[in-house]
There are 2 protein chains.
Amino acid sequence: MKARVYVTLKTGILDPQGKAIEGALKSLGIEGIASVRQGKVFDIEIAPTADRAGTEKLLAAAADKLLANTVIENYRVEIL
Amino acid sequence: MKARVYVTLKTGILDPQGKAIEGALKSLGIEGIASVRQGKVFDIEIAPTADRAGTEKLLAAAADKLLANTVIENYRVEIL
């Protein structure tokens, strides 16, 4: 079973990396971009024996404990 | 207009970060995860005047020039 975990900054949290990318894109002559916010995506392969609900619980635990800093980041689990 | 650019490693490219995450999850007692590969996701806001086709071209240029290292990474543009 394949799944994807998206980790993005919570709204209102400053994203210096995103700001740097905005500036770099402008200097590369790429106009028309109002804002950029960077996040992480994890492509995860689960052992075949797992069921859907169990997988969602497993990945939520993985995100809570390691993949996301839940103080400043949100995460979303997607089973593919 | 909002869009998302996904940047992931090409298949066959070693992902040391993903390997480190696999190990860390095991040591945290999270079993059942066969593999982890980490990528980037960019949430981008485009100036309202842009049309869909123009936005796709703009973001492909941004990905080619900056967001992705196209030697080892693939990217996918998604208009939301």
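Arg4(A) has Asp43(A) as its bridge partner in β2(A), in what is a predicted model. The strand β2 of chain A spans residues 33–46 and runs antiparallel to β1(A), with 6 bridges joining them; strands are DSSP E runs of at least two residues, helices H or I runs of at least four, numbered from the N terminus, and two strands pair if DSSP finds at least two bridges between them. β1(A) also pairs with β3(A), residues 73–79, in the antiparallel sense over 7 bridges. There, Thr8(A) stands opposite Asn74(A).

Now let's look at how the chains relate. Chain A superposes on chain B by a rotation of 180° with 0.0 Å of shift along its axis, at an RMSD of 0.0 Å (least squares on C-alpha atoms of residues with pLDDT of at least 70 in both). The two copies are thus related as by a two-fold rotation axis. In chain A, Lys40(A) has the C-alpha nearest that axis, 2.3 Å away. The copies meet through the same surface, because 100% of the interface residues of chain A are also interface residues in chain B.

Ile33(B) belongs to β2 of chain B and is buried at 10% relative accessible area. Among the residues it touches are Ile44(A), Leu58(A) and Leu25(B) (heavy atoms within 4.5 Å).

Residues are numbered from 1 along each chain as its sequence is written, and chains are lettered from A in the order written. Local features need pLDDT of at least 70 and side-chain atom pairs 80 or more, while totals for chains, interfaces and linings use all residues, and side-chain values use heavy atoms, without hydrogens or water.

Key:
Buried means under 20% relative accessible area, exposed over 50%, partly exposed in between (1.4 Å probe, protein chains only). Lists of a residue's contacts leave out its neighbours within four places in sequence.
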